[in-house]
Amino acid sequence: MGGIKQQRILIDWPLTPYTGWGSYGIQLAQALISRSIAQPIVTERIQRSSNCDLHWNLWADQIEQKSEALIVANQNNSEIIRKTNCELIIEGLGNGFVPQKFSGDHRVGVTFFERSELPKALIDHMQKFDMVITGSKWNQLVAELSGLKNCVMVHQGIDTSRFNAIPIPKLFDRSLVIFAGGKLEARKGQDIVIEAFKKFLAYCPEALLIACWTNIADIGLSTIEASPYIQGLPQTGKAKDLHPWLVEQGIPAQNVVVPTAMANSQLPSLMKQADSAVFMSRCEGGTNLMAMETLACGLPTILSDNTGHQDLLDGDIQHAIGISENKDVDESITKFYGYDHRSMWGESNPDALVELWCQQLKEKEEWKNRGLQGANKMEKYSWIASMDKLIQALTHQKLISI
């Protein structure tokens with residue numbers, strides 16, 4: 001396991017196979033290793049899963065060994081910025097920020113945010129970076145409107161070796177199986193899907209909803225209570241609590257499946273059980289990783305036509321199907337995320353979703369072929385392509401050497 005240049009790049013967020021951020025960090029670390037660019041360094045223990053590739057688990061051990069001193073230092077809640085021997089520090093950013101903990105020769109931020117207008121404190125913080133990577137054209141636009149000139153747009157990626165249109169045996173014998181993903185919270189719009197699916201059952205009583213909505217740390221879970229379509233909250237974001245809660249919302253138990261939290265590598269076989277996918281997010285800072293993955297699996301994927309989703313809808317992907325918004329999102333929801341001061345979020349109409357599902361029922365084979373034919377278009381969103389663009393941007397600004 002040698003051959004890596006002595007250049008050291010610190011990735012300052014948790015590497016875990018259970019979140020989008022974690023997957024991004026893992027892919028970044030693997031890209032640095034496989035291209036012999038640098039030794040990845042981390043500030044927290046890497047979360048393992050039996051579903052992770054063996055080669056990654058082996059490299060995770062090596063990375064932790066090289067990072068031991070910083071991992072220990074990070075466990076102390078000190079306000080002192082610790083100097084490292086890393087050529088580059090890469091930090092995660094979002095709607096807010098945490099104080100800088102480590103310093104190196106250069107500093108780069110990776111951001112996915114939902115605010116349509118950035119607060120001054122966040123703008124000032126982002127200006128301290130040599131470069132900030134934005135995750136969508138919408139994020140890039142908001143950054144530029146905020147006066148930031150150090151931002152470069154690079155889409156996140158998908159593992160096309162797993163997320164592809166190679167068929168597998170279907171185990172659900174239903175008229176229509178629908179996959180819906182994203183951790184349960186108001187921004188992700190699962191309440192819109194719930195309302196639409198209840199109505200759709202009048203047209204297709206055998207329909208099955210795969211609600212892949214577990215919220216591992218319950219982050220933002222309480223925001224769903226602001227929805228006009230649901231009543232009350234699940235006790236936790238775990239699958240065992242989500243299923244009875246969905247039944248309380250009016251979806252019969254036999255019409256919904258709620259998977260437990262899954263490693264990213266487990267998702268393709270579940271997604272491929274479905275006939276289509278749906279994501280009704282009111283806002284997406286990035287392009288919505290799980291939506292990219294269903295598209296890569298060849299599933300016709302219905303998307304709310306707003307924010308980061310528009311990169312997919314405008315990207316010549318014939319099985320990405322947009323639902324236009326009919327009104328702005330109510331402040332009772334946007335307030336949890338810093339408000340939508342520029343009215344860039346979107347509230348989708350559940351009835352429009354019902355109409356599309358009814359259309360799919362009538363044209364099921366045509367929708368299937370459309371998805372399979374369009375899946376190859378997702379190759380341009382592979383992690384290989386994404387990391388190539390990121391490394392190119394870092395090299396162009398002389399932040400790393402290759």
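**Chatting through the fold**

Reader: Hi! Among contacts between residues at least 6 apart in sequence, what share joins residues at least 24 apart?
Author: In the protein chain, 67% of those contacts do, where contact means heavy atoms within 4.5 Å. This is a predicted model, where local features need pLDDT of at least 70 and side-chain atom pairs count only at pLDDT 80 or more, while totals for chains, interfaces and linings use all residues. Residues are numbered from 1 along each chain as its sequence is written, and side-chain values use heavy atoms, leaving out hydrogens and water.

Reader: Thanks! How many helices and strands are there?
Author: The protein chain has 13 helices and 16 strands. These are DSSP runs numbered from the N terminus, with helices being H or I of at least four residues and strands E of at least two.

Reader: And what is the radius of gyration of the chain?
Author: The protein chain has 21 Å, which agrees with the value near 21 Å that a compact globule of 402 residues would have. The radius is taken over C-alpha atoms, and the globule rule is 2.2 Å times the number of residues to the power 0.38. Along its principal axes, the C-alpha trace spans about 65 × 45 × 40 Å.

Reader: What percentage of the residues is buried?
Author: Buried residues make up 58% of the 402. Buried means under 20% relative accessible area, exposed means over 50%, and partly exposed is in between, with a 1.4 Å probe and protein chains only.

Reader: Let's switch to helices. At what angle do H1 and H2 cross?
Author: H1 (residues 20–34) and H2 (residues 54–74) cross at roughly 85°, and their axes come within 11 Å. That makes H1 roughly perpendicular to H2. Angles under 35 degrees count as roughly parallel, over 145 as roughly antiparallel, 65 to 115 as roughly perpendicular and the rest as oblique. The axes are lines fitted to C-alpha atoms, for helices over the stretch in contact, and angles run from 0 to 180 degrees between N-to-C directions.

Reader: Which residues make that contact?
Author: From H1 there are Ile26, Ala29, Gln30 and Ile33, and from H2 there are His55, Trp56, Trp59 and Ile63. By class, six are nonpolar, two polar and none charged. Here Ala, Val, Leu, Ile, Met, Phe, Trp, Tyr, Cys and Pro count as nonpolar, Asp, Glu, Lys and Arg as charged, and the others, Gly among them, as polar.

Reader: Nice. How does H1 pack with H13?
Author: H1 and H13 (residues 383–396) pack at about 70°, with their axes 10 Å apart. H1 is therefore roughly perpendicular to H13. H1 contributes Ser23, Tyr24, Gln27, Leu28 and Ala31, while H13 brings Trp383, Met387, Leu390 and Ile391.

Reader: New topic: which residues of H12 are buried?
Author: Trp367, Gly371 and Gly374 are buried in H12 (residues 364–374). They cover an arc of only 75° around the axis, so they sit on the same side of H12. That arc is taken from the directions from the helix axis to the C-beta atoms. Glu365, Glu366 and Gln373 are exposed on the other side of H12.

Reader: What covers the buried residues of H12?
Author: The cover includes strand E13 (301–304), strand E14 (320–323) and helix H11 (350–362).

Reader: Last one: is Leu70 buried or exposed?
Author: Leu70 is buried, with a relative accessible area of 12%, and its place is in H2. Leaving aside neighbours within four places in sequence, Leu70 contacts Leu10, Ile41, Val42, Thr43, Thr84 and Phe102. Leu10 is 60 residues away along the chain, yet the two C-alpha atoms are separated by 9.7 Å.
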